[in-house]
Amino acid sequence: MNIYWKDIENNDSSWIGLDVKIESEKSIKPNFRLEVGGKKRIKLLNQDKVIFWATLDSDYYGVYILKTFQQLAVHEMPISPINSKTVEELKGLDGEEKLKQWCRVFVNKIEESNSSLFYNGRWLMSGFINRNQKEAWKFESTANFKYFDGFINFDEADRALKQDKLDYIDWSFSGSGKLINLKNPDINESRLKWWRKKVKEDSLPPILIWYLSCLDAYVIVDGYLRLLASYLENRVPDFIEIHSIQEVKISPNKKQQEQILISLEKQRESKTISTEKLNKVLIQAFDDKPYLKRKTRAWARIKSDEQWKHEVNNFLDSIGKTKEGEIMLM
């Protein structure tokens, strides 16, 4: 597997993120992968271990999700652990420069993992920064560019530390932007004290999340203890999002462009528009670069709906939620 990456920028030269290209002579089926089947069934696997089952609600109002909270060994993790040496080397970085450097670290860590989530194609790693500490869990994405079709809702990100194994992702308001936990961090974990120290020093690495288009939500890939440390110290962390992307070509509307030119000329003559704003509108109107659509790949490997139901039912029975989980089996 060959990996190529480069920084990409917006029209105003602001940093968008790290564009990552994965190439292999044969198709890659990653160990950390999504599988799908008939009747809108979904399953996230790590090798042969089920991470969650999910099924779409009727009329696409949302998604029901059942998480196993699997305890993974180090060699099974989708990203190899971050060591203290790396944290100390990047200590002191802030803002976009911090996100840039940690994007590079995460790409290397995912590549090193035996349970990597990478497959052939293009990926984008971008950041979410809390620029206003007065508004807790309010984030601004670095991937804020024309035609970008995603959003994120971290209003209650701390709830991701407390969610039940049986969960529901609500799409009632045109998507969720929800943060999904795949395990609950242990407050007695020995490393938590060290991460809390890093929070106080402003040297905490970002939390790594993976956008899944089938859920319209983000799952935490790495950083549960860091998220808990931030919550306990009442300090908001940075996030780095990773997702696979697909280029979509656009066809500019010539008539609309002509109307914009006429309107801008009138505003220029009447001096009701600044040169900076005029240039910005022109760039947006005549920008014909393809836009990047977030699209997660899955493998059609769920053999039958009966098998999927059997797995789900057995797990619901094992955690004592057979009654509450009946909705998953519809």
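Biologist: Is Tyr 218 buried or exposed?

Modeller: Tyr 218 is buried, because its relative accessible area is 0%. Buried means under 20% relative accessible area, exposed means over 50%, and partly exposed is in between, using a 1.4 Å probe and protein chains only. One caution: this is a predicted model, where local features need pLDDT of at least 70, side-chain atom pairs count only at pLDDT 80 or more, and totals for chains, interfaces and linings use all residues. Residues are numbered from 1 along each chain as its sequence is written, and side-chain values use heavy atoms, with hydrogens and water left out.

Biologist: Okay. How many aromatic pairs does the structure hold?

Modeller: There are 10 aromatic pairs. Rings of Phe, Tyr and Trp (its six-membered ring) pair if their centres lie within 6.5 Å; planes under 30 degrees apart count as stacked, over 60 as edge-to-face and the rest as tilted. Phe 128 and Tyr 218 have ring centres 6.4 Å apart and planes at 80 degrees, so that pair is edge-to-face. The two are 90 residues apart in the chain, with Phe 128 in strand β7 (residues 121–129) and Tyr 218 in strand β12. Both Phe 128 and Tyr 218 are buried.

Biologist: What kind of aromatic pair do Tyr 211 and Tyr 218 form?

Modeller: A tilted one, 5.1 Å centre to centre with 55 degrees between the planes. Tyr 211 counts as buried, because its relative accessibility is 6%. Arg 294 also lies over the face of Tyr 211, at 3.6 Å from the ring centre. A charge sits over a ring if NZ of Lys or CZ of Arg is within 6 Å of the ring centre and within 35 degrees of the ring normal.

Biologist: And which ring has the charged end of Lys 40 over it?

Modeller: That's Tyr 60, with the charged end of Lys 40 5.1 Å from the ring centre. Elsewhere, ring pairs link Phe 118, Tyr 119, Trp 123 and Trp 299 into a cluster.

Biologist: Switching to sheets. What is the order of the strands in the open sheet?

Modeller: The 5 strands go β3-β4-β5-β6-β9, with antiparallel pairing. At the edges are β3 (32–37) and β9, each pairing on one side only. On average, neighbouring strands here are turned by 20 degrees against each other, direction ignored. Helices (H or I, at least four residues) and strands (E, at least two) are DSSP runs numbered from the N terminus, and two strands pair if DSSP finds at least two bridges between them.

Biologist: Why is β6 called largely enclosed?

Modeller: Because 6 of the 6 residues of β6 (residues 62–67) are buried. Gly 62, Tyr 64 and Leu 66 point one way from the strand, while Val 63, Ile 65 and Lys 67 point the other way. β6 pairs with β5 (residues 49–56) over 5 bridges, in the antiparallel sense, and 5 bridges also join β6 to β9 (residues 166–170), again antiparallel.

Biologist: What stands opposite Leu 66 in β9?

Modeller: Leu 166 does. β5 and β6 form a hairpin with 5 residues between them, and Asp 59 in the turn has a positive phi of about 60 degrees.

Biologist: Now helices. How many residues of α4 are buried?

Modeller: 7 of the 9 residues of α4 (residues 224–232) are buried, so the helix is largely enclosed by the rest of the structure. Among the buried ones are Tyr 224, Arg 226 and Ser 230. The buried residues of α4 pack against α2 (95–112), β10 (178–180), α3, β11 (207–212), β12 (217–222) and β13 (239–248).

Biologist: Which residues is Lys 198 in contact with, leaving aside its neighbours within four places in sequence?

Modeller: Val 87, Glu 88, Ser 203 and Leu 204, where contact means heavy atoms within 4.5 Å. Lys 198 lies in helix α3 (residues 192–200), and its relative accessible area is 2%, so Lys 198 counts as buried.

Key. Axes fitted to C-alpha atoms, helices over the stretch in contact; angles between N-to-C directions.
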